[in-house]
Amino acid sequence: NRLNYQLEMEKVLRTLDGTRPKLLLHACCAPCSSATLERLSAHFDLTILYYNPNIYPPEEYHRREAELERFVEQAGYHYPVVELPYDPQEFYTAVKGFDWYCTTLSISPMKDPVRLNELGTELGRQYGVPFLPSEFRKKDGYKRSLQLSAEYGLYRQDYCGCEFSAKARGIEKY
């Protein structure tokens with residue numbers, strides 16, 4: 001019997017009682033961030049962490065980061081976008097300054113929300129920063145990300161980002 005991560009997130013949100021705790025939001029790209037930011041900005045003081053050391057090639061990595069910054073600015077969000085280098089230890093250090101952390105990845109129908117939430121929860125326990133359970137594709141989250149992408153003219157990539165997914169889809173990058 002699988003947990004409903006949307007309901008789990010709603011339970012957490014009800015416990016906030018109008019406070020705005022700081023949340024570090026891992027963002028993979030602008031389209032996945034669009035509806036996620038719309039949903040979380042009412043409850044948290046966000047810092048957006050663009051961290052994708054698997055993106056290939058570097059030009060694609062930088063294009064996605066620039067598009068994320070453009071969206072955040074155009075949509076009128078006043079949250080910082082932080083980009084970390086490819087060093088995973090930097091991520092663990094950065095996470096320690098937040099009350100919660102989360103990722104935009106669960107908005108994608110191509111991602112496994114159970115695995116994402118299990119990993120997020122485990123890493124949260126390991127590093128002492130709770131993971132906000134989520135499945136952002138629920139409640140038409142993915143559909144809303146498509147609408148916002150069209151509204152803001154966002155670049156929507158045609159593969160997840162790594163060299164292997166590009167090759168699997170027959171995409172030659174750079």
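Entry 1: I sorted the residues lining the largest pocket and got 22 nonpolar, nine polar and five charged. I counted Ala, Val, Leu, Ile, Met, Phe, Trp, Tyr, Cys and Pro as nonpolar, Asp, Glu, Lys and Arg as charged, and the others, Gly among them, as polar. This is a predicted model, where local features need pLDDT of at least 70, side-chain atom pairs count only at pLDDT 80 or more, and totals for chains, interfaces and linings use all residues. Residues are numbered from 1 along each chain as its sequence is written, and side-chain values use heavy atoms, with hydrogens and water left out.

**Entry 2: the pocket itself.** I looked up its space: about 1,000 Å³. A pocket is an open set of points on a 1 Å grid over the protein atoms alone, where a 1.4 Å probe fits, with protein on both sides within 12 Å along at least five of seven lines; lining residues have an atom within 4 Å of a point. The volume is the space filled by probe spheres set on the points, which are joined across faces, edges and corners. Of the 36 lining residues, Cys28, Leu105, Ser108, Lys111 and Cys160 are closest to the centre. Helix H5 (113–127) gives the most to the lining, four residues. Helices (H or I, at least four residues) are DSSP runs, numbered from the N terminus.

**Entry 3: the core.** I then checked the largest nonpolar core, which has 34 residues. Such a core is a set of buried Ala, Val, Leu, Ile, Met, Phe, Trp, Tyr and Cys residues joined through side-chain atoms within 4.5 Å; buried means under 20% relative accessible area (1.4 Å probe, protein chains only). Helix H2 supplies its largest share, five residues.

Conventions:
Helix = DSSP H or I, 4+ residues; strand = E, 2+ residues; numbered from the N terminus. Buried < 20%, exposed > 50% of the residue type's maximum accessible area, 1.4 Å probe, protein only.
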